[in-house]
Amino acid sequence: MATKHTDQDFDYDVLVVGGGPVGMLLATELRISRVRAVVLEQLTERTPHSKAFGLHARSLESLDRRGLLERFRDGARSWNNGHFAGLDAWVDFSALDSEHGYALLSEQTRTERLLEERAREVDTEIRRGHEVTAVRQDADGVEAEVTGPDGTYTLRARYAVGCDGGHSLVRRQAGIAFPGTGGRVTARLGDVILPDRENAPMGMERTERGLLFCVPLDDTYHRVSTFDFQAERETGTELTLDELTASLREIWGSDLGAHSPRWLSVFTDSARQADRYRAGRILVAGDAAHTHFPVGGQGVNLGLQDALNLGWKLAADIHGWAPEGLLDSYDQERQAPARKVLANTRAQIALMNPDPYVTPLRELFTDLMRLDQVNLHLAQMLSGVTVRYDIDGPEHRLLGDFAKDLELVAEDGTVSTLPGHLKRATGLLLDLTGHPEISQAHEKWSAGVSWAGRVRHVRATCAAEPELAGLLVRPDGYVAWAVDRNRPEASVRESLGSALATWFGTD
Ligand SMILES: Cc1cc2nc3c(=O)[nH]c(=O)nc-3n(C[C@H](O)[C@H](O)[C@H](O)COP(=O)(O)OP(=O)(O)OC[C@H]3O[C@@H](n4cnc5c(N)ncnc54)[C@H](O)[C@@H]3O)c2cc1C
């Protein structure tokens, strides 16, 4: 059981280092769980340049569970198809078993703005223009040195979470290793003006010398990227327009007349993952924990899921009721999804190689993608909906899976949905009146536990799940326990009590 600390000696409960999408969502999760969190972000203003373009199904499902989906959908386009390795067949997201079988076009600047607005709505303190220059920890807390507009100062907190991107200072200073593979492909990216918009290439084009990615961003700009598989580039120098246009000529045979860049960036296919996401009182999330080539548009999505997995567990620890091992389960649960994303991006890079020897493999893969089952597998993989956690408990088809959007009808006829009960990041015990033991176990358990705010108890019926008697959903939306109507009552009481204690504590 975690020690209960007093607020004395701590400026905050949690220092969130980095105010990108992951840091902002994590801070919001902490704030709605009544944790004193501050975001320390070195940039004085949000960057106007978008790396990511969109959000996938699991992110959309999760945003819905926090009541944020409508603001993300408002005015944004969505599309049903995605690409895999730039092959000629499309991945069909509409086949997903999800209310959100599509990808939402939300450029990263917009995603970051909406997440920052939400963080501010729940009174998160955000210090922009404050760079963390050092972090160190002792048994009770973490100290960070920060350089802000008025000079350097020190903050002390119970925990620090590095959401400070791929080059994470927090990760390095915590001594967390970042093993993986170095970069062999150089991507040169420019948001540029193309004089002949009508005839500009569209999407991903593979030539014998590399790949070109070209899409319109708005009525003026195009995003143009070359992926160069040939020569390693010296690190440490900024990309210039001359270098980008030379690369376009080399790979595409023409520089498309690209001019007036508003953003130039260079990156590689380096793929790395933190060997542990927690070192004592310091944790890492998002790109600080894993980086990979952006193919398939998965990085933001993966990082947002880290934040949702970590927020409530950290809050439980800070409030002193975290069961043994709860905080460590963050590392245990979130390593595997990142490993899989790194693997699928490496596979895509291999398929994108311009070597003519790879062409037959691409053709074969394209044919395979036309098989419904293969296509569905890829759609599930890219959209993150196959993530399932290894959760102990009586075997059940739903255990460890993400709880679906069930429609619930209360005794008085009121209709609600499962996502609507998770808005405050509490657990949900759904009592589908199949077993009196569910209400009783819950009442017995809660009578001895000062658990207000930890688990919401909802009695309802659910036409879509006639066999299901009860469901325990964690704040991040994953099923921690489920039971069907045909189970003996004694085993229901025991297994539910044990699941409640495992995830929500006993005092
Ligand atoms: C070209 C490109 C296209 C991409 N496309 C997609 C896509 O379509 N879909 C997708 O899901 N992902 C995509 N990604 C990946 C995605 O952009 C990242 O995964 C995402 O930005 C990670 O978010 P983050 O919050 O973890 O880190 P970042 O976005 O890197 O944010 C880290 C923040 O920490 C701050 N910071 C760093 N150090 C300090 C410090 N010492 N003190 C204070 N603040 C600090 C930084 O200023 C920054 O604001 C793409 C990436 C690239 C490069």
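A: The lining of the second largest pocket takes at least three residues from each of domain 1 (12–181 + 272–383) and domain 3 (407–504), with bounds from an automatic or database domain assignment. This is a predicted model, in which local features need pLDDT of at least 70 and side-chain atom pairs count only at pLDDT 80 or more, while totals for chains, interfaces and linings use all residues. Residues are numbered from 1 along each chain as its sequence is written, and side-chain values use heavy atoms, with hydrogens and water left out.

The domain division also includes domain 2 (186–268). The C-alpha centres of domain 2 and domain 3 are 53 Å apart.

A pocket here is an open set of points on a 1 Å grid over the protein atoms alone, with protein on both sides within 12 Å along at least five of seven lines; a cavity is a set of points where a 1.4 Å probe fits but cannot get out, and lining residues have an atom within 4 Å of a point. Grid points are joined across faces, edges and corners, and a volume is the space filled by probe spheres set on the points.

The second largest pocket holds about 740 Å³ of space. Its lining consists of 40 residues, and E333, P337, V387, R388 and Y389 lie nearest its centre. Two or more lining residues come from each of α2 (57–65), α7 (299–318), α8 (328–352), α10 (372–383), β27 (479–484) and α12 (489–504); helices (H or I, at least four residues) and strands (E, at least two) are DSSP runs numbered from the N terminus. The largest share, nine residues, is from α8. By class, the pocket lining has 15 nonpolar, 17 polar and eight charged residues, where Ala, Val, Leu, Ile, Met, Phe, Trp, Tyr, Cys and Pro count as nonpolar, Asp, Glu, Lys and Arg as charged, and the others, Gly among them, as polar.

Two cavities of 30 Å³ or more are found in the whole structure. The largest cavity, of about 40 Å³, is lined by L25, S59, S62, L63, R66, L304 and L308. Four of the lining residues are nonpolar, two polar and one charged.

The second largest cavity has a volume of about 30 Å³, and S62, R65, R66, L308, P475, D476 and G477 line it. Its lining comprises two nonpolar, two polar and three charged residues. Domain 1 and domain 3 each supply at least three residues to the lining of this second largest cavity.
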